[in-house]
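Please read this briefing beside the sequence and the 3D view. It begins with the core, then turns to the overall fold and to individual residues.

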Amino acid sequence: RAVTGPAAIEVAKFPAHLAIAVHDAPRRDALLDESIARLTTEIGADHPATLLIRALAGRLTADPARAVERLEPACRAYSSLHAARGEPVANCWFELGWLASERGDDAALVEAMSEVDRTAATGGDPVTVALARAYLALARGDPAGSRRAFIDVRHQLGPLAGQPWWVGWYAVEAQLGEALALRAVRPRDAEATLERARSEAEAIVAGQPAAQFARRLARIQLE
């Protein structure tokens with residue numbers, strides 16, 4: 001018998017949940033697309049539940065250009081239709097802003113990270129907001145202020161021993177950002193910071209090999 005009502009929405013999410021653990025990119029993309037298609041049929045393309053999977057698909061897409069293609073319309077829909085949902089809005093725009101940073105597009109970075117900053121008033125994750133503000137300082141020509149902001153994030157996380165892996169990932173994000181800021185003022189110190197970030201990122205990616213984490217590690221290795 002066909003599943004209908006609220007249960008149908010939960011069933012439609014199952015392929016996306018499976019996709020998180022799938023390493024084969026074509027299979028992962030197919031599962032995400034299946035969930036998106038089902039959710040779009042059940043509740044519409046811009047329903048928060050659908051947008052959550054659309055944004056997830058962008059974060060799990062390895063190719064940066066394709067990731068942007070998936071993320072940008074989802075992020076804009078979040079901001080225009082569901083701005084009060086601060087945490088998913090912040091997560092979506094932060095990844096889009098980080099990708100802009102990677103390709104050196106300061107205008108796109110400022111737009112995206114400014115959207116993250118706005119979620120401070122609507123429930124955006126405080127660490128994500130703080131990281132976004134640090135990237136904004138760097139893009140606006142204040143590497144020293146940016147570095148201080150990234151260091152503040154790392155200090156606020158406290159000792160990492162015994163913390164969940166995602167707290168360690170925040171530390172990697174902060175160390176990578178600090179290294180990018182140091183490039184402009186103290187290049188030699190940037191190398192040591194990158195090395196610390198590389199060691200921590202490799203340990204996390206070994207257990208969490210999602211595309212968004214792998215591309216951070218790849219950038220650390222290339223810087």
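## Core and fold of a predicted chain

Within the largest nonpolar core, which has 62 residues, Leu32, Met113, Val116 and Tyr135 touch the most other members. Helix α5 (residues 86–103) contributes the largest share of this core, nine residues. A nonpolar core here is a set of buried Ala, Val, Leu, Ile, Met, Phe, Trp, Tyr and Cys residues joined through side-chain atoms within 4.5 Å. In soluble globular proteins, nonpolar side chains tend to be buried together.

The model is predicted, so local features need pLDDT of at least 70 and side-chain atom pairs count only at pLDDT 80 or more, whereas totals for chains, interfaces and linings use all residues. Residues are numbered from 1 along each chain as its sequence is written, and side-chain values use heavy atoms, with hydrogens and water left out.

**Overall fold**

- The secondary structure of the chain consists of eleven helices and zero strands, where helices (H or I, at least four residues) and strands (E, at least two) are DSSP runs numbered from the N terminus.
- The radius of gyration of the chain is 18 Å, which agrees with the value near 17 Å that a compact globule of 223 residues would have; the radius is taken over C-alpha atoms, and the globule rule is 2.2 Å times the number of residues to the power 0.38.
- Taken along the principal axes, the C-alpha atoms of the chain fill a box of roughly 65 × 35 × 35 Å.
- Of the contacts in the chain between residues at least 6 apart in sequence, 53% join residues at least 24 apart, contact meaning heavy atoms within 4.5 Å.

**Surface and charge**

- Buried residues account for 47% of the 223 residues in the chain, with buried meaning under 20% relative accessible area, exposed over 50%, and partly exposed in between (1.4 Å probe, protein chains only).
- The chain exposes about 10600 Å², of which carbon and sulfur atoms supply 55%; the areas come from the Shrake-Rupley method with a 1.4 Å probe, and for residues only the protein chains shown count as cover.
- The mean positions of the 26 positive and 29 negative charges are 2 Å apart, with Lys and Arg counted as positive, Asp and Glu as negative, and His and the chain ends not counted; each charge is placed at NZ of Lys, CZ of Arg, CG of Asp or CD of Glu.

- Leaving aside neighbours within four places in sequence, leucine 32 is in contact with Ala16, Ala19, Ile53, Leu56, Ala57 and Leu60.
- Aspartate 29, found in helix α2 (residues 25–43), is partly exposed, with a relative accessible area of 26%.
- Serine 101 lies in helix α5 and counts as buried at 13% relative accessibility; not counting residues up to four places away in sequence, serine 101 touches Leu109, Tyr135, Leu180 and Arg219.

- Residues up to four places away in sequence aside, histidine 82 touches Asp46, His47, Pro48, Leu51, Ala77 and Val89.
- Glycine 168, in helix α9 (residues 165–182), is buried with a relative accessible area of 11%; not counting residues up to four places away in sequence, glycine 168 touches Leu160, Glu200 and Ile204.
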